[in-house]
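Hello,

The structure is below, with its sequence. Some notes on what was found follow it.

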Amino acid sequence: MSTSFERYQKRRLISSYFSVVISISLVLFLLGILGLLVLNTKKVADHFKEQIAMTVYFKDTAKEVEIEQLKKSLAMADYTKSTTYVSKEEAAEEHSKEIGEDFMEFLGYNPLQNSIDVYMNADFVSSEQVDEIAAELTAKNFVDEVIYDQPLIALLNENVKKISFWVLVVSGIFTFIAVLLINSSIRLAVYSKRFIIKTMQMVGATKGFIRRPFIWQSVKLGIIGAILALIGMAAVLYYLNKSFGELNLLGDVKLLAALFIGIFLMGVIITWISTYIATSRFLNLKTDELYY
C-alpha cells in the first residue's frame, strides 16, 4: 500500500517538474527568438537598404578617363558598398532581352547611355544624404543625370523606425509575461509542498535551511529549461542562416553569445527569485491559512 502511494507521489512529482521545465523552456525559447529578432532588425533593414541602387548616367561626350576616375572615386568613397559599370552596349542588349526584340534595328542607333549603378552602405541611405551625394555627382560636367528611387528610400526609413519601435515594445511586454509565467509555474510547484515547508518550520528548521533545497531544485529545473530553450534557438538560427545566407545571421558571434548567455542566466535568476518569494510566502503563513 505504502509502496503504491510512494510510486503515485513520485509520478506526481515528476509530472510537476516536467510541467515546470516545459513552461520555462517554452517561455525562454520565445523570449530568445524575440531577442534574435531584435538583434537582427537592423541587419535585415540594412540588407534591404543596400539593395537600392543610385544610377549615374554619363553624357555621350564623357571621356573614358573621366569615367574611370569617377569609378575609382566612387570605389573609395565611404558611402559606397559596391558599384557596377554598365556600358550602353550592355544596357541595349539587356533591354532587347526584356522586350524580346532588337529595338536598335528600328531606331538605327543606340539611344542608351553608359552608366554606373552605385549601391550604398546602409548608414548613408537616407533622403538627405542621398540627395547630397546625387547633387555632388550631378555637378560633374560629364554626368548627365543621377536617378534613384527617392520615395522608396523615404518609405523604407520610415517603416524601419516604426518596426524598431514596436519590436522594442513587444520585447518589453514579452519579457514581463515571461517573468510572470515562470513565476507562476514555480509558485505552483512550491504550493504543492506548502505542508512540508510548514512541518519543517514547526520542528525548528530555519528559514534559510528550508529555502535552500527548494531554491536549488528550482534552479536545476531552470537550467534544464534554459538548455532546452537554447537548443531550440540554435536550431532556428541554423535554419534561418541556411535559408537566408545573405543576411549573415551568424556574423556577430559576440552578440549571439551574449544573447544565449543572457537567456541562460534569465532562466536561473527568475527561478531563484520566484522560489525565494514563494517559499517566503508560505513560511510566513499561519497553519490555518495553508488550506486556502
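With which residue does glutamate 68 form a salt bridge? The partner is lysine 71, and the closest N and O atoms are 3.3 Å apart. A salt bridge here is a side-chain nitrogen of Lys or Arg within 4 Å of a carboxyl oxygen of Asp or Glu.

Before the rest, a word on the source. This is a predicted model, in which local features need pLDDT of at least 70 and side-chain atom pairs count only at pLDDT 80 or more, while totals for chains, interfaces and linings use all residues. Residues are numbered from 1 along each chain as its sequence is written, and side-chain values use heavy atoms, with hydrogens and water left out.

Salt bridges

Glutamate 68 and lysine 71 are 3 residues apart in helix α2, so about one helical turn separates them. Helices (H or I, at least four residues) and strands (E, at least two) are DSSP runs, numbered from the N terminus. Glutamate 68 is partly exposed at 35% relative accessibility, and lysine 71 is partly exposed at 25%. The cut-offs are under 20% relative accessible area for buried, over 50% for exposed, and in between for partly exposed (1.4 Å probe, protein chains only).

The whole structure has 4 salt bridges. Another one joins the side chains of lysine 81 and glutamate 50, at 3.7 Å from N to O. Lysine 81 is in strand β2 (residues 80-86) and glutamate 50 is in the loop between α1 (2-49) and β1 (53-58), so this pair ties together parts 31 residues apart in sequence. Lysine 81 is partly exposed at 48%, whereas glutamate 50 is buried at 17%.

Lysine 88 and aspartate 60 also meet through their side chains in a salt bridge, 3.8 Å from N to O. Lysine 88 belongs to helix α3 (residues 88-99) and aspartate 60 to the loop between β1 and α2 (64-76), 28 residues apart. Aspartate 60 is exposed, with 62% relative accessibility.

Helices α7 and α8

The axes of helix α7 (residues 194-202) and helix α8 (residues 207-243) come within 9 Å and cross at roughly 150 degrees. That makes the two roughly antiparallel (an angle over 145 degrees). Axes are lines fitted to C-alpha atoms, for helices over the stretch in contact, with angles from 0 to 180 degrees between N-to-C directions.

Helix α9

Tryptophan 272 lies in helix α9 (residues 253-283). This tryptophan 272 is partly exposed, at 42% relative accessibility.

Regards

Terms used
Angles under 35 degrees count as roughly parallel, over 145 as roughly antiparallel, 65 to 115 as roughly perpendicular and the rest as oblique.
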